[in-house]
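Colleague: I would like to learn how to read a sheet and a chain contact. Please take me through both.

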Amino acid sequence: MADIHLNCKGLQCPGPIMQVFKAAKEAVVGDVIHVKVTDRGFTKDIQAWCKKTGHELLELVDGDTEIQAKILRK
Amino acid sequence: MGRKVLVIGAVAAGTKTAAKMKRENPKAEVVVVTKDEYISYAGCGLPYYIGGVIEEKKELVVKTPEDFKLLTGIDVFTKHEAVGVDKALKRVDVKDLSTGEMKHYTYDDLVIATGASPFVPPIEGRDLKGVFPVRTVNDAQAIRELVDQGAVKKAVVIGGGFIGLEVAENLHEKGIEVAIVELVPHILPPFDEEMALYAQNYMVDQGVRIYTSEKVLSLTGEADNVRKVITDQREIEADLVIMSVGVRPNNQLAKEIGLALGPTGAIRVNEYMETSEKNIYAVGDCAENVNLITGQPAWYPMGSTANKMGRIAGINLAKGEKDSLKGVLGTTIVKLFKLNAGKTGLSERDAVKAGFEVETALVPANDRAHYYPGYREIITKLIVDKASHKILGAQVVGEGVVDKPIDIIATAITFGAKVEDLEKLDLAYAPPFSMAMSSTILAANVLSNKLTGRVKGIGPIEMRNRAKELQIIDVRDEGSFMIGTIPGAVNIPSGELYMRAEELDKNKETVLVCKIGKNAYLAYLKLKELGFEQLRILEGGMNAYPFERE
């Protein structure tokens, strides 16, 4: 089980979801994806995405200048 | 001996007129009467006083009558209500509300600054305890006391205009369950639907319930206290009801004097703030404005406009060189939680109503460089006259800096700018302040692309209404598509477009969808090259699409 770190700050279009999507494809069950993002739409997107894909959103920190999320690959 | 000026009303416009007149002509005798207890108070600050953002009442009151007298030499009589005017004698009958005594004041010039009052619809139960308008310091204080006592668990705000929304936010921040009921199909009635719905979705996300296209029929209570709001759709529990369906000009006294009213019901004034009667002026919320774009009468009861009218009247009362106010744009702005929404000039709806053939653009962009921490997205809707390319109006919403673009565009409209002028403005740029191509310039670029036929767009409303009959291609990545797209859209990421173009029906009207509109435009150009003719892009992309996704 690995920790995968993604820096998606500054990414907008295609946005961070594309990176998370790719990482999740390559990851194995039990891996945790850590992602840092500045695109504000990400907070809603990642929740919706986890719901659709079944991966677990372990943590979502919505800071003023940066959003951080931890996603467990299921 | 100087002239004698009597001003009726002492909030923004009345005090401004009096102070300016006295500065221009120190020999003049200026007297102000008001039926209110307070003068010169910040009416626009009342929602924030309710929520405790503004801690104390005294912070709202810009000046006391004593301060004002000391500063300006002008006597202000509070709790003095003007009840009649004898134009022949140039005399105003004033009732001292503290003693009941009738007093008489004579004038050479009279200024009516009687303001506006909340319109309280004549519904059953409006006299119950716990039902308030939000217009005066006393209204706000009464509401705040109830809130601070913990007596309010559930509140209903009737009317989704600025004040109603601001009060809703402040009550929600106090931990009160808030519902808003709005008669028309969306909150922020002056905004165009897609922009208003964006703000509405945001408010709902914050936890405020919103019922639109819904009519309040009555209020019911127990032991004189309000308990329920009955609408044509449902019953909503409430122990506080805010009546904020709008304001009306206080024109009663003007009517009695025989002053001409305009079509809006406010007192008609010319550009010098003169009414139809010699030696009588009107300023502020009780007086009518002219819309600078249409040249037609309009009514903008705004503190910003009231102060300008007051200054003009003050100058002209001094009988020196005249100054004038030709009109205003109705520029407004509101903060809703962290969302800001601003508007200037005509909405698309108003522009069409005024007879313009319009072109519009809907463009999400950032308020600062996308790599600078803390930037936010803002969405600009720009409206221009198709024939002259002159800018008619704009609306900007988003969590970011909205006042700057709105003010830039308000300035541009005032000076008669065309969209091409807006595109070339040399605006301040460094990453913490703006994008290299600012959001306003970007919106102007898109509009210009539409005017020149480089691209054709479809707005969110038409998109929703016609989705079934269109071929909709979402060109975003698979992950984004998966989260939510326009119902019926198929996913062909832009990178695969050339390869997969044969999957598409060339003869069908096709809409390209992306996140903000830019990749859809690039895809548009690709497909055009491949011979597609009936192409459009979803303007503003998914980010500005306020309707249901799938």
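Modeller: Strand 4 and strand 5 of chain B pair in the antiparallel sense over 6 bridges. Strands (E, at least two residues) and helices (H or I, at least four) are DSSP runs, numbered from the N terminus, and two strands pair if DSSP finds at least two bridges between them. This is a predicted model: local features need pLDDT of at least 70, side-chain atom pairs count only at pLDDT 80 or more, and totals for chains, interfaces and linings use all residues. Residues are numbered from 1 along each chain as its sequence is written, while chains are lettered from A and ligands numbered from 1 in the order in which they are written.

Colleague: What is the bridge partner of B:Glu81 in strand 5 of chain B?

Modeller: B:Lys95 is the partner of B:Glu81.

Colleague: Which strands of chain B stand at the edges, and why is one side of each left without a neighbour?

Modeller: Strands of a sheet pair through backbone hydrogen bonds, either parallel or antiparallel. Here the open sheet has 3 strands in the order 4-5-6 of chain B, with antiparallel pairing. Strand 4 (80–86) and strand 6 (102–106) of chain B are at the edges; each has a single partner strand, so one side of each lacks a neighbour in the sheet.

Colleague: How many residues does each chain give to the contact?

Modeller: Chain B gives 21 residues and chain A gives 19 residues, with contact meaning C-beta atoms, placed from the backbone, within 7 Å. Helix 15 of chain B gives the most to the side of chain B that touches chain A, with 5 residues.

Technical notes
Two residues are in contact if their C-beta atoms, placed from the backbone, lie within 7 Å.
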